[in-house]
Amino acid sequence: MSEQKKEIAIIGMTCAACANRIEKGLQRMEGVSTATVNFATEKAAVTFDSNQIGLTEVEDRIRKLGYDVLTEEVNLNISGMTCAACSARIEKVLSRMPGIRSATVNLALETAHISYDPAALELADILQKIKKIGYEASPRTEESDHQTDYRQKDIDEKTRKLIISSILSLPLLWTMFAHFSFTSWMYVPAIFMNPYFQWVLATPVQFWIGATFYKGAYAALRNGGANMDVLVVLGTSAAYFYSVYLVLIGDALTHGLYFETSAVLITLILLGKLFEARAKGRSSDAIKNLMKLQPQVAILERDGETVEIPIHEVAHGDILVIRPGASVPVDGVVLSGSSAVDESMLTGESLPVDKQQGNEVFAATVNANGSLRIKASNVGKDTMISNIIRVVEEAQGSKAPIQRLADRISGVFVPIVVGIAIITFLIWYFVVAPGDFEASLTSLIAVLVIACPCALGLATPTSIMAGSGRAAEEGVLFKTAEAMEQTRLIDTIVLDKTGTITKGHPELTDFHVRNEKQRMSLLSLAAAAESDSEHPVAKAITSYGLQQISTLPIVESFEAIPGYGIQTLIDGQNILLGTKNLLSHHDVDFDSTIASVEQMEGDGKTVMFMAVDGVHEAIIAVADTIKDTSKQAIAELRAMNLDVITLTGDQHMTAQAIANTAGIDHVIAGVLPERKAEVIRSLQAEGKRVAMVGDGINDAPALAVADIGMAMGTGTAVAMDAADVTLMHGDLLRVVDTLKMSELTVRNIKQNLFWALAYNSIGIPIAAAGLLAPWLAGAAMAFSSVSVVLNALRLQRVKLH
């Protein structure tokens with residue numbers, strides 16, 4: 001079995017019932033194992049066996065169901081072709097690529113026109129393929145000037161139709177107000193009351209502006225389904241054709257016409273759909289903003305000169321120059337130069353990060369003041385920003401468990417509403433107002449048009465989109481909608497110690513001297529003595545010294561003594577720096593008055609002793625200190641009634657010292673990496689819902705076993721792959737943000753579902769009782785889905801740390 005998972009962008013869905021029908025249609029196909037259609041993102045995620053079925057067949061099935069698949073077209077300039085065989089070969093190779101709809105190569109013009117599925121492959125993949133077979137290709141420059149977002153095209157088209165529909169419906173609306181006693185004073189031109197004039201105005205609204213509803217309804221019914229379009233078509237057609245019937249039999253003035261009902265209904269629904277489209281576009285702003293961060297050009301260093309090239313031409317290993325104020329085009333490693341880089345768009349951390357030789361830089365971050373030369377390490381889809389976009393898109397495209405209820409209701413919603421509408425008509429015609437066809441028809445139309453499956457279908461996905469997008473802006477990446485929903489249920493947080501609670505590298509915490517007047521000179525000697533060592537403890541001492549002293553003395557000789565420490569000669573002085581046994585071995589008397597060694601060791605610190613020319617002069621303590629925000633974050637987690645536990649392989653005394661400083665009561669220490677997962681399972685066996693927060697390879701098994709795994713973005717790729725949530729900034733406050741966003745998003749979903757269900761539960765009986773005019777019912781339906789989307793957009797304003 002060769003299983004593939006593809007994402008397909010779909011055009012033409014009007015409500016959640018459409019998404020359900022496509023989902024069911026795809027799931028029935030032989031070879032398709034799973035199919036998930038998200039109405040809010042207008043995308044389908046399909047997993048299928050490529051040995052049994054191809055992507056083209058899946059897309060054809062979507063088209064047969066009455067929808068279309070988004071394709072993009074591009075024109076390329078191609079160089080290197082010498083004859084017709086070259087153009088034929090390029091066409092043949094491109095046509096075989098998954099996702100390519102058509103490829104036409106013109107030898108005379110040296111151009112190619114390609115239609116492809118943007119969900120299956122990118123333009124860069126096409127250009128790379130052409131390059132691989134021996135030709136050069138680049139997008140034609142005029143193309144980039146005219147590329148338009150298909151969603152924006154849809155909004156523009158809806159706006160145009162709405163304006164035309166409003167102009168045609170306004171005279172009809174005017175005549176309707178003339179019937180009310182409180183507006184009887186209004187002047188109504190005589191021609192507006194002419195039945196044939198009303199018929200002329202209503203017809204283009206019904207069949208041209210409303211054509212999209214008829215097409216949608218036909219496609220749904222042809223495939224054995226029903227959606228919102230069916231309700232709109234039934235309601236408006238009943239009003240329109242009944243009015244036509246009255247005009248034709250010459251009875252228009254006696255009974256009154258309903259042309260204004262059909263025209264105004266279509267106009268209001270179109271208005272609602274326009275607002276919905278705009279709001280849905282805003283719900284994916286986080287993704288758009290991330291994409292905008294990616295620069296389109298890079299400055300390449302080639303043969304000692306710099307040249308500006310398109311971003312898609314940058315290859316792994318290229319040397320790039322990043323000028324002050326410019327965005328970093330790809331992920332890379334700094335070869336030379338130093339600068340501060342703003343990484344807030346990735347991590348949410350507002351302070352710029354200092355970069356120098358050997359440091360990593362990431363695409364879309366902004367170089368502040370210095371110039372950098374970097375070597376490209378990850379390009380295209382492999383960059384950090386591309387991975388973030390992909391994670392957020394996958395989360396937004398996935399379904400939360402809470403959505404399954406809404407999906408089940410949406411699947412049977414329309415047939416039930418049609419049934420209720422027919423029953424309403426019959427009850428009115430035979431019981432409530434016997435023989436009154438107009439009153440019965442009015443109630444039937446009101447029931448049909450007030451029912452709104454859209455609000456129900458949009459309730460969950462729009463909240464997930466807005467919530468995950470807001471979280472991503474602050475450096476919290478939920479991998480799935482399910483993770484976003486389940487995180488709020490956590491009652492126990494297990495924290496890895498090193499690199500999660502602590503900084504992950506030792507720092508000098510104490511420097512006690514026998515003679516305070518000699519502090520700086522002794523610090524200078526200690527920092528110089530350790531400057532040639534690569535040991536983390538030595539680096540901590542040297543780093544601390546360089547913060548206090550600009551230049552260090554020259555080391556004349558250096559000797560490392562395994563298990564003890566080091567012996568050096570500096571400015572003619574003999575320096576010993578290491579364990580207490582090192583001093584004893586060299587007959588140096590220990591001076592206990594300098595500091596309390598027992599207290600420092602009790603705090604989990606590594607203690608070292610320094611002697612100069614045979615005299616014990618200083619005691620130095622080094623420790624892996626907690627991060628600046630760890631204490632605050634743990635206090636906030638405990639305030640949320642969460643049980644906070646630290647889990648580490650370190651000895652108990654060191655772990656307890658860190659826990660005491662951070663405010664953690666429960667410590668599980670001395671745990672080997674392979675046993676961390678067992679500890680998580682034992683906590684789960686006690687009935688706890690556990691979140692594990694870690695950053696290293698040794699945390700990966702525990703992250704995978706936990707109910708929710710959270711990986712620090714400063715950690716390893718293995719840990720991030722195993723986790724459900726990635727925290728781009730290595731800061732425990734992001735754990736608090738994760739829980740907060742999960743709670744607020746699920747609350748928002750419940751509000752949306754309640755509103756959608758309550759709206760239909762209350763609105764349909766009111767309409768059936770004849771208490772709602774059809775045009776008011778249409779207005780309510782149009783704005784119900786808009787209100788759901790606008791409520792979801794409130795998540796974009798949530799304040800996080």
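**Glycine 99 and aspartate 117**

I started with glycine 99, which touches Leu55, Ser115, Tyr116, Asp117, Ala120 and Leu121, leaving out residues up to four places away in sequence; contact here means heavy atoms within 4.5 Å. This is a predicted model, so I kept to its rules: local features need pLDDT of at least 70, side-chain atom pairs count only at pLDDT 80 or more, and totals for chains, interfaces and linings use all residues. Residues are numbered from 1 along each chain as its sequence is written, and side-chain values use heavy atoms, with hydrogens and water left out.

I found glycine 99 in the loop between helix 3 (84-95) and strand 6 (100-106). Helices (H or I, at least four residues) and strands (E, at least two) are DSSP runs, numbered from the N terminus. Glycine 99 is buried at 7% relative accessible area; buried means under 20%, exposed over 50%, and partly exposed in between, with a 1.4 Å probe and protein chains only.

Next I went to aspartate 117, in the loop between strand 7 (111-116) and helix 4 (123-132). Its relative accessible area is 0%, so aspartate 117 is buried. Its contacts, again not counting residues up to four places away in sequence, are Glu7, Leu55, Glu59, Leu70, Gly99 and Arg101. From C-alpha to C-alpha, glycine 99 and aspartate 117 are 5.0 Å apart in space and 18 residues apart in sequence.

**Helix 24**

Which residues of helix 24 (630-639) are buried? I noted Ser630, Ala633, Ile634 and Leu637. They sit on the same side of helix 24 because they cover an arc of only 95° around the axis, taken from the directions from the helix axis to the C-beta atoms. Lys631 and Ala639, on the other side, are exposed.

I then checked what the buried residues of helix 24 pack against: strand 19 (492-496), helix 19 (497-501), strand 26 (643-647), helix 25 (652-662) and helix 29 (733-768). After helix 24 comes asparagine 641, with a positive phi near 60°.

**Strands**

Strand 2 (residues 32-38) and strand 3 (residues 43-49) pair antiparallel over six bridges; a pair needs at least two DSSP bridges between the strands. Threonine 34 stands opposite threonine 47 in strand 3. The hairpin of these strands has four residues between them, and glutamate 42 there has a positive phi near 60°.

I also looked at an open sheet of three strands, order 14-13-16, paired antiparallel. Strand 14 (353-355) and strand 16 (366-367) are at the edges with a single partner strand each, so one side of each has no neighbour in the sheet. Strand 13 (residues 339-342) is joined to strand 14 by three bridges, and valine 341 has valine 353 of strand 14 as its bridge partner.

Most residues other than glycine have a negative phi, so I wrote down two more exceptions.

- Alanine 364 has phi near 80°; it lies in the loop between strand 15 (360-361) and strand 16 and is buried at 1% relative accessible area.
- Aspartate 571 has a positive phi of about 50°; it lies in the loop between strand 22 (565-570) and strand 23 (573-578) and counts as exposed at 51% relative accessibility.

**Helix 15**

Last, I looked up valine 431 in helix 15 (residues 403-432). Valine 431 is exposed, at 60% relative accessible area.
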